[in-house]
Amino acid sequence: MKLKTFPGGLHPPDNKQWSAHKPIETCPLPAELIVPLSQHIGAPAIPCVAAGDVVKKGQVIGEAKGFVSVPVHAPTSGTVAAVEDRLHPMGKALPAVVITPDGDDAWGELPPPLDVQSASVNELRDRLRDCGIVGMGGATFPAHVKLSPPEEKPIHTLILNGVECEPYLTADHRLMLEEAETILDGIAILQKILGVKQTYLGIEANKPDAIALMEKACAGRDIEVVPLEVKYPQGAEKQLILAIAGCEVPSGGLPMDVGVVVQNVGTCAAVADAVLRGIPLIERIATVSGPGIKEPKNLKIRIGMPLAHLVEQCGGLNGEPAKIIMGGPMMGMTQLSLAVPATRGTSGLLLFTAENVPLRPEGPCIRCGRCVRACPAHILPTTIAAYARLDLFEEAEQFNAMDCIECGCCTYSCPAALPLVQAIRHAKGAILAQRRKV
Amino acid sequence: MENRLYLSSSPHVYAGATTDAIMRQVIYALLPACAAGIYFFGLPALVLLILCTAGCVGFEALGQKLMQQKLAIRDGSAALTGILLALNLPPSCPWWLALLGSFVAIVIAKQIYGGLGYNPFNPALVARVVLLISFPVQMTRWTAPAPLGSGIDAVSTATPLGAAKEAVMLHGQLPADLQSGFGSYLLGHQAGCLGEVSALLLLLGGLYLLWKKIITWQIPVSYLGTVVVLGGLFWLIDGSRYPDPVFHLLTGGLMLGAFFMATDMVTSPVTTRGMLVYGTGCGLMTVLIRLFGGYPEGVSFAILLMNAATPLIDRYTQPKKFGLVAEQA
């Protein structure tokens with residue numbers, strides 16, 4: 001049978017063998033947790049604790065500000081050491097609550113478990129917001145917002161994203177293998193909130209064990225497991241919808257425009273914890289890997305753990321690190337320091353050494369067309385990038401720069417080592433800034 | 001440690017392909033055809049290959065030095081142009097013509113436009129056409145193949161396409177023995193440019209490029225397909241006047257053109273649909289020039305004309321961006 005997929009994309013070496021077979025390990029608590037108040041798309045949370053306060057695990061330490069925002073919770077019990085600006089994965093110092101754990105790891109008062117059958121949709125959605133549930137594939141968009149489609153956009157299909165197409169990362173893979181029941185509980189809650197007719201779980205074919213296990217677990221439920229061709233960026237929202245539901249989300253539109261909502265499998269597990277156990281989002285699974293790590297692992301980490309602590313749990317550094325990447329190698333962000341904390345969106349931590357960071361001299365575009373063939377947005381990366389580098393943003397926009405999903409396939413495939421997606425990002429930023437001005 | 005960290009915008013991994021490697025692969029793919037040229041035309045062919053390659057690389061280095069640019073002859077593009085130029089010259093061509101051709105290809109057709117990646121026309125073909133127009137006698141003095149060790153001396157003769165054109169012009173019909181040479185045409189036993197003689201070995205090189213994913217099928221298939229269909233159509237209309245499609249395929253510069261010249265990335269479209277339009281255009285022009293033009297062979301002109309159309313083709317064949325259908329629905 002031909003596996004479902006989308007046109008375009010490419011297949012980088014997946015390098016998942018380093019950690020795919022390693023069971024999830026619980027990472028012990030560090031001496032200090034740095035919990036950023038901005039861990040989601042939308043307005044940062046407002047701190048509601050001060051230095052010296054004693055906090056319990058799960059207690060709210062930052063309150064949501066506005067609809068597109070979620071609260072932030074204490075990942076363990078202890079004392080607030082400071083509320084101050086700390087280096088954030090975004091690359092600058094941003095407000096954070098610094099907690100010194102007391103070692104008891106004692107829960108505070110949690111909201112009561114909800115009964116999915118009897119609870120109202122609003123109650124369920126409010127619970128997700130109160131527990132700080134955000135999209136855990138990396139985008140960290142507040143889940144309750146995504147689950148509140150306007151009335152004129154009825155949702156008929158829920159797609160669960162278990163694709164994990166980024167090389168190296170195996171966190172979702174392990175989660176599906178080890179916590180299938182929790183994921184299914186979460187799916188049932190999402191199904192109830194959205195009232196969907198169809199539910200699909202997309203998994204890349206390079207995880208046959210997860211596909212088999214989830215198929216077995218989903219038997220008798222209203223969920224269809226869809227094995228997908230191994231191709232990057234299969235896990236990108238719009239590409240996933242095209243592969244599974246066969247429809248294209250309109251340019252500039254959202255999945256809800258075609259009646260679809262996509263959620264990551266990690267988010268499903270967090271949803272189940274929040275609704276059935278009242279547990280807020282204070283931990284997640286992250287893959288720590290890369291050639292610069294002694295023992296690659298899948299760790300269950302608390303939000304706010306410094307990256308250096310995760311490295312320590314994985315046998316330490318293997319040689320001198322040259323690049324610290326939060327997330328995967330195709331879309332992850334390089335970090336200034338291992339002092340940066342893990343956040344709700346930290347799906348992975350990759351350490352590269354000097355030999356994995358080739359300094360590639362840039363050459364002229366030879367118009368080979370590799371970027372054009374690889375582009376899953378079906379735009380002309382080399383043309384847009386050429387305009388972008390001359391600051392000709394209007395021309396870049398005419399060539400559909402805003403449709404770029406920034407997957408990086410163009411730069412990956414470019415034989416002339418041109419920073420194509422980087423140039424397009426530059427153009428997108430300038431175009432958005434211009435739109436705000438008008 | 002913290003001071004030696006690289007910060008960069010994603011992605012952080014890259015495919016192995018480099019411009020140098022692509023150029024190298026194309027050169028490898030041309031080696032069988034070069035070997036055939038040397039086999040059929042002997043020492044002069046080898047000298048011509050060396051002259052053109054050294055000439056092109058030399059002019060590239062000289063030009064970059066004079067313009068105070070970074071020396072980039074290692075990218076292999078000048079060497080490739082040199083080999084392609086040699087393959088596009090008659091084996092008997094004098095040494096100074098080879099050097100003049102190298103100058104035209106590299107300096108006039110490439111560097112003046114900004115060097116690699118910026119030339120609108122295929123440099124080797126510009127050189128061939130400039131030489132053909134400026135030195136028609138030397139550029140159309142063809143010799144019959146004299147395989148190495150056969151002891152045959154090189155004798156002047158006409159190319160199959162030239163013979164066909166002449167017969168049609170003089171007698172209004174094709175020569176009677178036209179079809180007789182198919183087997184030898186395929187292997188390379190025909191008069192012609194150094195690299196145009198063996199359709200089989202050129203095809204082999206072309207398939208290698210397809211296998212290595214250096215080129216895609218669109219340009220060669222649409223080019224050759226159009227020649228077969230259009231050439232076949234005329235042949236069906238009047239077989240005594242128009243040669244059959246197999247003759248079209250096996251003679252002249254078509255195989256070299258379709259797999260190695262028309263597929264020159266810099267001067268051909270980047271869009272998939274554009275490649276089909278471009279290849280079809282090349283095929284159309286080739287057949288029309290061969291059958292109705294003043295020259296017996298039209299491949300060089302056809303490709304150069306389509307090179308000129310490439311920016312326009314790219315503009316009008318942009319892929320349908322993701323999400324456009326649903327927007328209109």
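Which residue in S17(A) is the bridge partner of A:Met326? The answer is A:Leu349, and the views below show the surroundings of this pair and several other parts of the structure. Please keep in mind that this is a predicted model.

**View 1. Chain A as a whole.** Chain A contains 13 helices and 17 strands. Its C-alpha trace spans about 60 × 50 × 50 Å along the principal axes. A compact globule of 438 residues would have a radius of gyration near 22 Å, and the 21 Å of chain A agrees with that. Of the 438 residues, 57% count as buried. Among the contacts in chain A with a separation of 6 or more, 72% come from residues 24 or more positions apart.

**View 2. The six-stranded sheet of chain A.** This view shows an open sheet of six strands in chain A, with mixed pairing. To find your way across, follow the order S1-S14-S13-S17-S15-S16. Strand S1 (25-26) and strand S16 (333-334) of chain A stand at the edges with a single partner strand each, so one side of each has no neighbour in the sheet. Helix H3 (residues 171-178) of chain A lies across S13, strand S14 (297-302) and S17 of chain A. The helix H3(A) runs at about 125° to S13(A).

**View 3. Strand S17 of chain A and the strands beside it.** Here we return to the strand of the opening question. S17(A) is mostly covered, with five of its six residues buried. Strand S13 (residues 283-289) of chain A runs parallel to strand S17 (residues 348-353) of chain A, and three bridges join the two. Two residues to look for are A:Thr287, whose bridge partner in S17(A) is A:Gly348, and A:Val288, whose bridge partner in S17(A) is A:Leu349. S15(A) and S17(A) run antiparallel and are joined by five bridges. A:Leu349 in S17(A) is the bridge partner of A:Met326.

**View 4. The four-stranded sheet of chain A.** A second sheet comes into view here. This open sheet of four strands has parallel pairing and the order S11-S10-S9-S12 in chain A. Strand S11 (224-228) and strand S12 (260-264) of chain A are the edge strands, each with a single partner strand, so one side of each is left without a neighbour in the sheet. From one strand to the next, the twist averages 25°. Strand S9 (residues 157-162) of chain A and strand S10 (residues 198-204) of chain A run parallel and are joined by six bridges. A handy landmark is A:Ile159, whose bridge partner in S10(A) is A:Tyr200.

**View 5. Helix H10 of chain A and its surroundings.** Now for a helix. Helix H10 (residues 381-389) of chain A is mostly covered, with seven of its nine residues buried. The buried residues in H10(A) are A:Pro381, A:Thr382, A:Thr383, A:Ile384, A:Ala385, A:Tyr387 and A:Ala388. They pack against H9, helix H11 (393-398), H12 and H13 of chain A. Just after H10(A), look for A:Asp391, which takes a positive phi of about 60°.

**View 6. Where chain A touches chain B.** This view brings in the second chain. The contact takes 52 residues from chain A and 38 residues from chain B. Strand S15 (321-326), S16, helix H9 (370-374), helix H12 (409-413) and helix H13 (420-437) of chain A each supply at least two residues of the side of chain A that touches chain B. S15(A) gives the most to this side, with five residues. By class, the side of chain A that touches chain B has 29 nonpolar, 14 polar and nine charged residues.

**View 7. Two packed helices of chain B.** Helix H2 (residues 43-66) and helix H3 (residues 77-87) of chain B pack at an angle of about 145°, and their axes are 7 Å apart. The crossing of H2(B) past H3(B) is right-handed. Residues of H2(B) in this contact include B:Leu48, B:Leu49, B:Cys52 and B:Val57. On the side of H3(B), they include B:Ala78, B:Ile83, B:Leu85 and B:Ala86. The residues of the contact of H2(B) with H3(B) divide into ten nonpolar, four polar and one charged.

Conventions. Residues numbered from 1 in each chain as written. Chains lettered and ligands numbered in written order. Predicted model: local features only at pLDDT ≥ 70, side-chain atom pairs only at ≥ 80, totals over all residues. Pairing = 2+ DSSP bridges. Contact = placed C-beta atoms within 7 Å. Axes fitted to C-alpha atoms, helices over the stretch in contact; angles between N-to-C directions. Rg over C-alpha atoms; globule rule 2.2 N^0.38 Å. Buried ≥ 20, exposed ≤ 12 C-beta atoms within 10 Å, placed from the backbone. Nonpolar A, V, L, I, M, F, W, Y, C, P; charged D, E, K, R; others polar. Left-handed = near helix turned anticlockwise from the far one by under 90°.
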